[in-house]
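Subject: Structure handover

Hello,

The structure is below, and my notes on it follow. Please read them with the coordinates open.

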Amino acid sequence: MTANCPFCAQSVVQHALVCSSCSRDITIPESLIAERDDLFRKREMASEELANAKAELETLRRRQRLSLRRS
Ligand SMILES: [Zn+2]
């Protein structure tokens with residue numbers, strides 16, 4: 001398994017402490033990784049909610065147009 005260095009984007013061995021290409025310290029604290037995963041999940045949930053809201057809004061608009069036409 002490999003990962004990419006956040007500085008030079010070279011692929012490095014996963015769990016490596018230092019990038020073999022640019023020699024930068026690339027250790028990421030576990031807490032930060034957990035936080036990142038949490039943020040990814042939240043972002044996914046938010047975009048799902050947004051899609052649902054848009055669909056709901058579209059339904060309401062369609063309904064409104066129909067009721068306007070009827071009256
Ligand atoms: Zn690097």
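Helices (H or I, at least four residues) and strands (E, at least two) are DSSP runs, numbered from the N terminus. The model is predicted: local features need pLDDT of at least 70 and side-chain atom pairs count only at pLDDT 80 or more, while totals for chains, interfaces and linings use all residues. Residues are numbered from 1 along each chain as its sequence is written, and side-chain values use heavy atoms, with hydrogens and water left out.

Backbone first. A9 lies in the loop between β1 (2–4) and β2 (11–13). Its phi is positive, at about 65°, although A9 is not a glycine. Most residues other than glycine have a negative phi. H15, in the loop between β2 and α1, also has a positive phi, near 70°, and is not a glycine either. For accessibility, buried means under 20% relative accessible area, exposed over 50%, and partly exposed in between (1.4 Å probe, protein chains only). A9 counts as exposed because its relative accessibility is 56%. H15 is exposed too, with a relative accessible area of 73%.

Next, the metal site. Donors are N, O and S atoms within 2.8 Å of the metal (3.2 Å for Na, K and Ca); water is not among the atoms, so sites may look incomplete. The zinc ion is coordinated by the SG atoms of C5, C8, C19 and C22, at 2.2 to 2.3 Å. Along the chain, these donors follow the spacing C-x2-C-x10-C-x2-C. Which geometry do the four donor atoms make around the zinc ion? The arrangement is tetrahedral, because the angles they subtend are 106 to 116°; the criterion for four donors is that all angles lie between 85 and 135 degrees.

Of the coordinating cysteines, C5 is buried at 3% relative accessible area and C19 is buried at 2%, whereas C8 is partly exposed at 28%. A search of the whole structure for disulfides (pairs of cysteine sulfur atoms within 2.5 Å) finds zero.

Last, the surface. I28, L32 and I33 form a nonpolar patch with about 240 Å² of accessible area together. Areas come from the Shrake-Rupley method with a 1.4 Å probe, and for residues only the protein chains shown count as cover. I33 is in helix α1 (residues 30–70) and is partly exposed, at 31% relative accessibility.

Regards

Key: Tetrahedral: all angles 85-135°; square planar, octahedral: opposite > 155°, others 65-115°. Patch = residues over 30% accessible without salt bridge, like charges linked within 9 Å, V, L, I, M, F, W, Y side chains within 5 Å. Salt bridge = Lys/Arg side-chain N within 4 Å of Asp/Glu carboxyl O.
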